[in-house]
Amino acid sequence: METLLTPSPSSPLPNSSSISLPKTPFLHPISKNLPRKRHQIVQTSKFASFLDLEPKLKPFFLDFDVPWFNPTDRARFDVIVIGAGPAGLRLAEEVSNYGIKVCCIDPSPLSMWPNNYGAWVDEFEGLGLGDCLDKTWPMACVYINDEKTKYLGRAYGRVGRKELKLKLLCNCVTNGVKFYKAKAWKVEHKEFESSIVCDDGNEFKASLIVDASGFTSSFVEYDKPRNHGYQIAHGILAEVDQHPFDLDKMVLMDWRDSHLGNEPYLRASNLKFPTFLYAMPFDKNLIFLEETSLVSRPVLSYMEVKKRMVARLRQLGIRVRAVIEDEKCVIPMGGPLPKIPQKVMAIGGNSGIVHPSTGYTVAQTMALAPLLAEAIVECLGSTRMIRGTPLYNRAWNGLWPLERRCTREFNCFGMETLLKLDLNGIRRFFDAFFELNPHYWEGFLSSRLSLGELFMLALCHFGHASNRSKLDMVTKCPVPLVKMIGNIALEAI
Ligand SMILES: Cc1cc2nc3c(=O)[nH]c(=O)nc-3n(C[C@H](O)[C@H](O)[C@H](O)COP(=O)(O)OP(=O)(O)OC[C@H]3O[C@@H](n4cnc5c(N)ncnc54)[C@H](O)[C@@H]3O)c2cc1C
């Protein structure tokens with residue numbers, strides 16, 4: 001164990017610059033309760049290490065009162081939202097804001113969300129949600145390789161899950177949203193009304209059902225083959241002896257691979273299907289670390305991702321004392337949109353909102369839910385009662401108007417391009433990408449660019465690219481490019 005985790009002589013020393021403590025109440029109680037002693041680690045294999053540590057933080061519930069719906073009331077709702085994740089609560093909050101009668105169904109509406117979410121600060125601030133970031137970094141950095149690091153002057157934040165969930169819940173409660181604790185089991189439709197049967201046998205009726213149950217949703221239909229790519233990652237929030245990262249920069253991507261020098265198999269597979277490290281350093285002993293496959297198809301083996309992470313942390317001299325939380329991240333990316341329109345509306349992970357080239361979803365969900373709410377309110381608002389097919393049409397086209405469907409096609413093209421690049425191709429790609437005018441790279445990552453701007457971005461990217469990278473684009477992109485143009489043309493007809 002000692003040899004496995006002892007810092008290598010070449011490891012940089014941890015940065016000692018000071019930062020203010022994360023203001024989240026979420027982190028303080030945990031670190032307060034954490035035993036400071038080293039945990040005994042039983043090493044069972046070459047790759048055992050922090051992987052053997054049990055996460056200290058167990059799932060917990062928010063201490064918050066919500067109005068529970070009593071099924072004997074037999075009330076009828078305008079909108080039922082399935083799922084109290086970020087998407088479900090944001091939509092419930094927005095729709096109920098207009099006086100629409102909403103019920104949100106989830107097996108555990110007050111459970112803390114399990115994932116560590118990151119977002120660009122300007123995205124959250126622009127939505128009035130800046131107070132829901134529990135830690136921010138003024139800059140981000142990208143390690144292209146051992147020689148080259150790019151510094152991005154764009155602030156990044158970790159979403160305060162507790163702050164965001166409480167804010168959304170508070171607004172929901174103020175607006176009269178009811179909650180029901182159950183799993184939606186079956187959805188049925190009549191001409192102007194839908195109903196949900198829950199796993200406890202109770203049935204609820206509404207004019208519109210919105211499925212916000214995440215990636216595993218079974219209520220949303222597709223009419224095209226689902227050829228997703230997948231982002232897969234292993235993440236830990238860890239107490240460490242030390243780490244080498246600056247405290248004022250989050251590490252968006254670390255593509256260095258020198259840690260695999262003594263691992264010929266891992267090195268070869270990483271060259272073909274690369275993974276990078278994503279890191280959010282909270283202080284010199286507390287850091288979130290995630291080894292990530294940006295996108296792969298079929299999905300890269302989870303065990304392989306974890307083995308690479310062990311080798312990387314060893315090389316970086318990061319000795320994990322305790323794992324506070326861990327997460328397995330599998331995000332389906334790209335592929336076709338759900339069938340538009342259909343009788344169940346969708347928002348969040350199951351609705352096509354996931355950025356096909358990056359996997360980012362939360363900020364975009366926060367931004368699009370109000371637009372979907374407006375479309376729903378246009379139909380169900382007090383002065384109108386448009387239901388059935390015109391309502392489904394309006395809602396789906398509110399979330400996915402033509403321009404947004406076309407820009408998503410472009411982003412899927414980005415994903416298809418990334419799928420074709422090996423480690424060196426990816427490095428060249430991002431080397432040129434982050435040289436672009438920030439209007440373009442920031443806008444691309446935040447889904448803010450129009451189709452015209454995206455084509456300009458592609459041209460500028462090509463212009464900035466090295467000759468090898470241009471060759472990559474010319475030889476590897478034609479098929480995805482033709483597909484994208486074809487799909488955009490089909491959308492436009
Ligand atoms: C580990 C991980 C890390 C991620 N990190 C980021 C990130 O840093 N930044 C980012 O932008 N995106 C990130 N994502 C992607 C995306 O933002 C998240 O998946 C996000 O949680 C999606 O929100 P959601 O509300 O659509 O679904 P979920 O968060 O999955 O919420 C779905 C809710 O529906 C409930 N539910 C499920 N089935 C039913 C049912 N049948 N009936 C009733 N309720 C049901 C669940 O209990 C849950 O509460 C990450 C994803 C993962 C998996």
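Strands E14 and E15 form a hairpin, with two residues between them. Here helices (H or I, at least four residues) and strands (E, at least two) are DSSP runs, numbered from the N terminus. Residues are counted from 1 along each chain, in the order in which its sequence is written. The model is predicted, so local features need pLDDT of at least 70 and side-chain atom pairs count only at pLDDT 80 or more, while totals for chains, interfaces and linings use all residues.

Strand E14 (residues 276–283) pairs with E15 in the antiparallel sense over seven bridges, two strands being paired if DSSP finds at least two bridges between them. Within this pairing, Ala-279 has Leu-289 of E15 as its bridge partner. Strand E15 also runs antiparallel to strand E12 (residues 229–240), to which nine bridges join it; there, Gly-235 stands opposite Glu-290. How many residues of strand E15 (residues 286–296) are buried? The count is 10 of the 11, so this strand is largely enclosed by the rest of the structure. A residue is buried if 20 or more other C-beta atoms, placed from the backbone, lie within 10 Å of its own, exposed if 12 or fewer do, and partly exposed in between.

Turning to the overall layout, the protein is divided into domain 1 (2–34 + 229–333), domain 2 (71–117 + 160–223 + 336–400) and domain 3 (407–492), with bounds from an automatic or database domain assignment. The ligand lies between domain 1 and domain 2, because both give residues to the shell around it. Of the 29 residues around the ligand, Gly-83, Gly-85, Gly-214, Gly-348 and Thr-361 come nearest; a residue is near a molecule if its C-beta atom, placed from the backbone, lies within 6 Å of it. Among the elements that each supply at least two residues of the shell are helix H3 (86–96) and strand E16 (320–333).

The centres of domain 2 and domain 3, taken over C-alpha atoms, are 32 Å apart. Seven residues of domain 2 are in contact with nine residues of domain 3, contact meaning that the C-beta atoms of two residues, placed from the backbone, lie within 7 Å.

Finally, Cys-406 sits in helix H10 (residues 402–419). Cys-406 is partly exposed, with 18 other C-beta atoms within 10 Å. Leaving aside neighbours within four places in sequence, Cys-406 is in contact with Leu-451, Ile-488 and Glu-491. The C-alpha atom of Cys-406 is also separated by 9.4 Å from that of Ile-485, a residue 79 places away along the chain.
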